[in-house]
Amino acid sequence: MSRKNWTDDKLLSRLINNKTDKSRWDNISILRKRPSQELFAKCVELTKSNKPKIRKIGIDILAQLGLPPRPFLQDTLKIYFELLKTENDPDVLMSLLYSIGHNNDKLDNEQIEKICSFINSENSWVKEGLVSALLGIDHIRAIETLIKLSSDKLSHIRNWATFGLGTQIERNNTNIREALWERVNDKHQETKLEAIVGLAKRKDKRVNDIIRREIIGGEYGTLLFEAIIETQNKEFLPLLKHNLRTIRDDKTINPEWKKDLKNCIDELTKLTNERRTTA
């Protein structure tokens, strides 16, 4: 019998008793598509278990139980923030924070303050969950916390926090721009490019020299194309066209990357022509 035809109880039993996590997310995904008062109540009971693994199961199912607007959203958030007051297991805390991140559209000031209090944690799982919880929240405390996380020693934390500052919010102020500027030379390539995109979106002219450096270097990802388009700077066109000519017959270059480069040139040409027409 297909897993999709299993009862809620059988799926929950497998989640609780399986010795490996091989099918964990498959089972959770199916349960999330079956919002009911009965399943909600069972998940709430799981969150009260004295075993971290079982608490996580309840938390993770509730995170996306039903399509938005989730039928048990407010009750779920209330449960999550109660759990945050007492939970000490880093793995469970990460699940809680990730789950809040799936439902963070309308958090109040007190809830945001509670999430941000985890900035003092040295645990990488907790910090990872914290970044997830804060993505897309345009609130001064959340932004201050992401700024701190954008300089974390772990590259994946810096990367995600920089993405949160640069792309997931539109607020534009000196603190955000300077935090992004601090990352334009980051040794982690994606973090560097996320910072460049964020500055380009905010029309920070300092980023033009950084973009020029990256184009000349030749080793850039597709995120740079997004930044280039944001600048609408026609001065990049000769450099981009030179790069395209250089690699046109190179079979070692990913064809999709060549296509993205060509599209970037075409879009930038179009935008600069439109600006000239309307000037």
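Two rings of Phe, Tyr or Trp, the last taken by its six-membered ring, are treated as a pair if their centres lie within 6.5 Å. By this criterion the structure, which is a predicted model, holds five aromatic pairs. In one of these, the ring centres of F40 and F72 are 4.6 Å apart and the planes meet at 15°, and because planes under 30 degrees apart count as stacked, the pair is assigned to that class. F40 belongs to helix 3 (residues 37-46), whereas F72 is found in the loop between helix 4 (52-63) and helix 5 (73-84), so that the contact ties together parts that are 32 residues apart in sequence. Both partners are buried, F40 with a relative accessible area of 7% and F72 with a relative accessibility of 11%.

A tilted arrangement is found for F225 and W257, with 5.7 Å from centre to centre and 45° between the planes. Here F225 is contributed by helix 14 (residues 223-231) and W257 by helix 16 (residues 255-278), and the pair therefore ties together parts that are 32 residues apart in sequence. F225 is buried, at 6% relative accessible area, and W257 likewise counts as buried, at 17%. These two residues are also joined with Y220, as ring pairs link Y220, F225 and W257 into a cluster.

Technical notes: Residues numbered from 1 in each chain as written. Predicted model: local features only at pLDDT ≥ 70, side-chain atom pairs only at ≥ 80, totals over all residues. Heavy atoms only, no water. Phe/Tyr/Trp six-rings, centres within 6.5 Å; stacked < 30°, edge-to-face > 60°. Helix = DSSP H or I, 4+ residues; strand = E, 2+ residues; numbered from the N terminus. Buried < 20%, exposed > 50% of the residue type's maximum accessible area, 1.4 Å probe, protein only.
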